[in-house]
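Please look over the sequence and the model shown here before reading the notes that follow.

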Amino acid sequence: MATLETNAAASAAHVEEHDHHEELSFIRKYVFSEDHKTIAKQYMFSGIFWAIIGASLSVLFRLQLGFPNASMEWLRPLLGNWIDESGKLDKEFYLAMVTMHGTIMVFFVLTAGLSGTFSNFLIPLQVGARDMASGFLNMLSYWFFFLSSVLMFSSLFIETGPASGGWVIYPPLSALPQAMSGSGLGMTLWLLSMAIFIVSQLLGGINYITTVINLRTRGMSFSKMPLTIWAFLLTAILGLISFPVLLSAALLLIFDRSMGTSFYLSEIYIGGEALPNIGGSPILFQHLFWFLGHPEVYIVLLPALGITSEIIATNSRKPIFGYRAMIASMIGIAFLAFIVWAHHMFVTGMNPFLGSIFMFLTLIIAVPSAVKAFNYITTLWRGNIVFTPAMLFSIGLVSFFISGGLTGIILGNSALDIQLHDTYFVVAHFHLVMGAASAFGFLAGVYHWFPKFFGRMMNKTLGYIHFWFTFVGIYLVFFPMHYIGIAGFPRRYYSFTTYEAFRTFGDLNMFVSIAAIFTFTAQFLFIWNFFYSIFKGKKAPLNPWKSNTLEWTTPLHPGHGNWPGEIPAVYRWAYDYSKPGATDDFIPQNVPYSQTPESNLPHENALIAIEKEIEAQNYNDQFKQPH
Amino acid sequence: MVYIVGLLALVFLILAIMVLTRLTSVLKGANTDETTEENLGASASNRVNGFLFIAFFVLGVVGATWSFLHASQFFLPEASSPHGRHTDSLFWLTMSIITIAFVVTNALLFYFAFKYQYRKNHRATYYPENHKLELIWTVIPAVVMALLVFTGWRAWRDITKEAPANALNIEIVGKQFNWEMRYPGVDNDKLGNYNYKLIDAANSLGIDLEDEQSFDDVTVSSEMHIPVNRPVLLKIRAKDVLHSVFIPHMRVKMDAVPGMPTRFWFIADKTTEQMRNETGNQNFKYEIACTEVCGQGHFSMRTTLVVEDEESYNKWMAEQKPWLTKNPDYLARVPEKLKAKAAKYVPANSAETPSDSTAAPVEEGAGASPSASLR
C-alpha cells in the first residue's frame, strides 16, 4: 500500500507539473495536435466531410440510372462540361463518379473516418493510457491523410477528370491514358494520393498496435479488454500486413505508367499502335490489389463490429454473449481474410483449381461470421434493452450484417459467381454487409461517444428519426437491387437501354434512385444534430449510458493525459452488467472484486487475492517520462 | 412494376408517418421525463422503437415477398445451357437456405429487441456464455456450408474441365468497344496463330499468315453464330484493356485479358427460334455483353448471338468468306512454301499481284519479332 501511495503522490505531483508547462499554442492544440482525442476529432470531421462528398456522387449517378432520359442540364452550373451538349451526363464522367464514390467511401470514409476516429479516440481511453504510444507519429498520420485527401479532392476538379476505371483501378485501363481520359492526370493523382494514404494508415496502425500491447493500464490483461479494442487491434494488424501490398501494387502501376515497365501490360494494341510491352500480367495486379482489397473489407467492418459489441452489451444491460467466442471469431475472420482474396477473381481466367481452393476458404469465413451474428442476437435475449440512437444503429448494423452476409454465401460459390460476378447482386451484397453495416458502426459510435467527444448530448428524437429513415431507406435501396442483379444487370453501366435483356426494371431503378436520394437527404438530420449539439447540446453526465469501460471514468472534458490523477487500475472484464446480487446493474472495470462481495462469482472471489498485485504493477504511464 | 414502386413507397410512407407522429408525441411528453437519467429507458420512445422494429419486420417481409414475386417475372428465363440450368438450381437452392436463415435471424433480432425492451426495476439475465449453444451454432453453419461448398465445387469442376474434343472453337476478342469473332473456317477445325504486332487497320485480330491454319479462318464482327447442342469453346482474348464476355442466357462469363488468353466452354441447347416461341417474344435475341469496366463505351459492347440448328449453321458458315479471301493483299505475308496452299483462298484476279512486294500491305507492325506464335 505504501508503494501505491507514493506512486499516487508522485503521479499527482507530476500532473501538476505537467499542467504547468502545458501552455500549448492554438496551432499545437487544435491543428498539429498530438492529443489522440483531438486527432480523433480531426479524423471524424474529415470522415464526415468525405462521406458527404461520396454520398453526393452516388446521388448524381443514381439520377442517371434512375432517370436515364431526364435532362441533366440543371446540373451544368455544378458539373460544367461534364454535362454534354444534349444535356446528358458525360459517359466517362459517370464512370469517374462511380470510381470516386467507391474510393472515397472505402478508403476515406470507412477506413480513415471509422478506424481513424474510433481507434484514436477509444484505444487510449479504454485501455487506460495517457495517449497513443507516439503522439507525434499519430499527428503525422493524420496530416499525411490530410495531404492525401487534398490530392484526391483536387483530382475531382481537373479537366481530364478523376480516375475512372473503377475503385479497383484494374490495369491496363488505369495504366493507359489513351484508354480513357481519367487514366491521365486523374489516375496519377489517385495513385499519389493512395500512396500517401497508405503511409498514413501504416503510421496510424503501428501506433494502435503498440499502444494496445504496451500501454494497457494495470490489470488490463488481453482477456479483460473490451471487444472494441480487440477489434481495433485486429484491424490495425490487418492493415499493417495488407496495405504495403497495395502500395507495391500501386508503385508497380506507377512504373508501368511512367517508366515503361511491363509489370501489368502485355500484347496491347490501342489507339492504332501496338505497345512494346510484353510479358506482364493484368491478373498480377488483381492478385496484389485483392490481397489488400479483401482484408480491407474487414478493416472496414471489424471496427464497426467492435463498436457494436460494446454498444449492444451496454444497452442490453447484459454481458456480451460469448466474449471469448467473439474474440475467437474475430481472430478467425482476420486470419481467413488473408486467404480468400481470389474469390474476387473466379472468372478472370485464373486457374479453376485455385478457384476451388478459394471457394472452400471463402465459405469457411461464413462460420465465424455466423457465430458473431448469433452472439449478438443472444445478447439481446432476456436483456433490458434501452433504445438509445446508438443502440438502434447497432441493431440495424446486425441486421445489415446478416442480410448482406448471407448473399456472400452465394457469391463465394464459384459456380454461382459465374453468372452473378460484376452484376448488381454484388453491388447490393457489399453495400449491405460492408457499406451500410460499417456506416452504421460509425453512426452508432458517434451517437454513443458524443458525450465523451464533446461533453454534450445529441438530440435523441432526431437520432431516432434519423435511424428509422436511414434504416428503412437503405433497405429500400439495396434490397430491390438484388432483383436487378438476379436479372443479370452488369454494374458500372451508364445505361441499360442498349440491351434487350436489361431493358426491364426501369421503374425499379427509378425507385432505387428515389430511395437513395431520400436516404441521402435524411443524413442532414444527423449533420444538423451533430453540429448543433456540439455547441448547444444538453450538458452530458459523466457516464450517460452507465457503461463499464474506462473512458467514462475520465472528467467530462478530459485534458491531455485523460485522467487528472493516476490512471485507474482494472480488475474485471468490461461486461459486468446486471450481475446477480449487485446493487446497480453495472459494475465498471475499475471496481475491485473486494468491493463487490455480494455479486462475485466463486472464481472471482479467488481473484481478490491478486488485486494487490495488480495495483503494484507498473503504471505504464508515459507521461511520467520526461519529455 | 409500378406496383412494386407503389407498394414499397407505401410501406415506407407508413413507417415514416408512424415514426413522425409517435415521436413528436414522445417529444412533447418526454421533455420532462428525459431530464432524469433514471427514466431514460422507460420513456415512451423505448416502446415506440420496440414497436417499430416489429412493424418494420412485418411490413418488410410482406414487401419483400410481394416485390420478389413481382420482380421474378423480369428475371432471366431458364438458362439455355445445361450447366446454366445446373447453377441456376444451385442458386435457388442456396437462396432458399439463406432466405430461411435471413428470416429467422432477423425475426429473432427484431423480436428480442421488442420483447426485452427496458422495464423499470427489471434486471437483464446475466448470461455470459453457453458452450453447448455456441458449439451447436458453429457446427450447423459449418455443415450447411460444407454441403453447399461440395455441390458448388462439383458444378464448378464440371464447368471448368477441358472442353470436349468435338467442341467448336471460336475466338472472341474484346476491344474498345465491340467484340470480334474468328471461326476456324470450313477446311480445318483449327484457328490459326495470331500476333498482336500484326494488327493493323485491316487485320484487326492480328492473324498470322505464316500459319497455314489461318488461311481459311473467318472473321465476323456483327453477330456470333453457333450450332445448337454442340459444345462451343470460346477462346477469349482482349486487344487493349480488360473486358469480360457475358452471355446472360447461357450463364457464361469469362474475362478477356490482354496477353493472357482465357477460355470458357458451354453447350447451347435452345435455338434462338425456340426461345422466341418459349418467351412469346418474336424479337428475342441472345446477347453478349461486357462486364468488366473498359471505358466510356462499356455499357454498349453489345453483340448478338444466334443459336441455330447444325444445318443452318453450316449454311451460314459456308456463306462466310475466309478473311484471306476478303483481304487478298495479305497473300504477301504468306511464306513462299505455303503460297500454293494459300492461293486457293485468294480470288484468281488478285492472286498474281502479291508477288510485287510494293503492293503488299504497309507497315510490318513493329514487326521485328518473327516468332509469331505466342501460344
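## Contact between the chains

Two residues are in contact if their C-beta atoms, placed from the backbone, lie within 7 Å of each other. By that criterion, 104 residues of chain B are in contact with 107 residues of chain A. On the side of chain B that touches chain A, at least two residues each come from α1 (2-33), α2 (44-71), α3, α4, β6 (243-247), β7 (252-256) and β9 (286-290), and the largest share, 15 residues, is supplied by α4(B). The residues on this side of chain B divide into 61 nonpolar, 27 polar and 16 charged, where Ala, Val, Leu, Ile, Met, Phe, Trp, Tyr, Cys and Pro count as nonpolar, Asp, Glu, Lys and Arg as charged, and the others, Gly among them, as polar.

This is a predicted model, in which local features need pLDDT of at least 70 and side-chain atom pairs count only at pLDDT 80 or more, whereas totals for chains, interfaces and linings use all residues. Residues are numbered from 1 along each chain as its sequence is written, and chains are lettered from A and ligands numbered from 1 in the order in which they are written.

## Make-up of chain B

Chain B holds eight helices and ten strands; helices (H or I, at least four residues) and strands (E, at least two) are DSSP runs, numbered from the N terminus. Of the 375 residues in chain B, 42% are buried, a residue being buried if 20 or more other C-beta atoms lie within 10 Å of its own, exposed if 12 or fewer, and partly exposed in between, with C-beta atoms placed from the backbone. Among the contacts in chain B with a separation of 6 or more, 69% are between residues 24 or more positions apart.

For residues 68-163 of chain B, an unreviewed UniProt entry lists "domain: Cytochrome oxidase subunit II transmembrane region profile"; UniProt positions are given in the numbering used here, feature names are shortened, and annotations may be inferred rather than shown by experiment. The span is 71% helix and 0% strand, and its end C-alpha atoms lie 37 Å apart.

## An enclosed helix and an enclosed strand

Helix α16 of chain A (residues 460-486) has 27 residues and reaches 39 Å from its first C-alpha to its last, close to the 39 Å expected at 1.5 Å a residue, the expected span being 1.5 Å times one less than the number of residues. Because 25 of its 27 residues are buried, α16(A) is largely enclosed by the rest of the structure.

Ile226(B) has Val307(B) in β10(B) as its bridge partner.

## Backbone features in loops

Most residues other than glycine have a negative phi, and most peptide bonds are trans. Arg492(A), however, has a positive phi near 60°; this residue lies in the loop between α16 and α17 (506-536) of chain A and counts as buried, with 22 C-beta neighbours inside 10 Å. Asn121(B) also has a positive phi, of about 60°, and is found in the loop between α3 (82-115) and α4 (131-160) of chain B, but Asn121(B) is exposed, with 6 other C-beta atoms within 10 Å.

A cis peptide bond, with omega about 5°, joins Pro171(A) and Pro172(A), and Pro172(A) lies in the loop between α6 (135-154) and α7 (185-214) of chain A. In chain B, the peptide bond from Gln176(B) to Phe177(B) is cis, with omega near -5°, and Phe177(B) lies in the loop between β1 (168-175) and β2 (178-183).

Key:
Pairing = 2+ DSSP bridges.
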